[in-house]
Amino acid sequence: MHVPEGLSRFNSASEQAASAALHEVCAARAWGGAVLARRPYPTVGALLAAGDAATAALTADGLAEAVAGHPPIGRPRPGDPVSAREQRGMAGAPDALKTELLELNLAYQEKFGHVFLICATGRTGEELRDAARDRIGNTPEREREIVRMELAGINRIRLARLVQPQADA
């Protein structure tokens, strides 16, 4: 079976390099350790499945550690191309929308104790705002379930990008 170039590169990377790359995907140490422990991966699908399983297995503390690695929606980390790419839907948003999302982010953080986490890739500023409006009314338990699902989506996108051929990465 032929292993794609990017996956082969990840499989053969040193433990330190692979661990650092996984930390860029997800800030939870337990997540990275679980994915790292199952190398080598025969297919990208197997890697994604391992990432999903690691996300599902995160404890409350691990989930909090993962979420803490994400900037607020509408405020990507300066100089971070991944953060900027993922939040592209907010890039050209009108100032009023940015202000409203900032206020929603603050209210959400006040209620739940962490940033509003959503898989922002491919979503418009309006969609992000509407999701924040909808989710702020959730119970902490329901929101924790949604955050885990959103984190899984983010991690899948980032893992897939990690193992793309060099020219596309």
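Read along the sequence, the protein follows the pattern α-α-α-α-α-α-α-α-α, with 9 helices and 0 strands (DSSP runs, H or I of at least four residues for helices and E of at least two for strands, numbered from the N terminus). The model is predicted, so local features need pLDDT of at least 70 and side-chain atom pairs count only at pLDDT 80 or more, while totals for chains, interfaces and linings use all residues. Residues are numbered from 1 along each chain as its sequence is written, and side-chain values use heavy atoms, with hydrogens and water left out.

Of the 169 residues, 39% count as buried (under 20% relative accessible area; exposed is over 50% and partly exposed in between, with a 1.4 Å probe and protein chains only). The C-alpha trace spans about 50 × 35 × 25 Å along its principal axes.

The largest nonpolar core has 41 residues (buried Ala, Val, Leu, Ile, Met, Phe, Trp, Tyr and Cys joined through side-chain atoms within 4.5 Å). Phe-10, Trp-31, Leu-47 and Ile-73 have the most contacts inside this core, and its largest share, 5 residues, comes from α7. Apart from residues up to four places away in sequence, Phe-10 touches Ala-18, Leu-22, Arg-39, Tyr-41, Leu-47, Leu-162 and Val-163 (contact: heavy atoms within 4.5 Å).

In α5, Gly-62, Leu-63, Ala-66 and Val-67 are buried. These residues lie on the same side of α5 because they cover an arc of only 135° around the axis (taken from the directions from the helix axis to the C-beta atoms). The buried residues of α5 pack against α9, whereas Ala-60, Asp-61 and Ala-68, on the other side of α5, are exposed.
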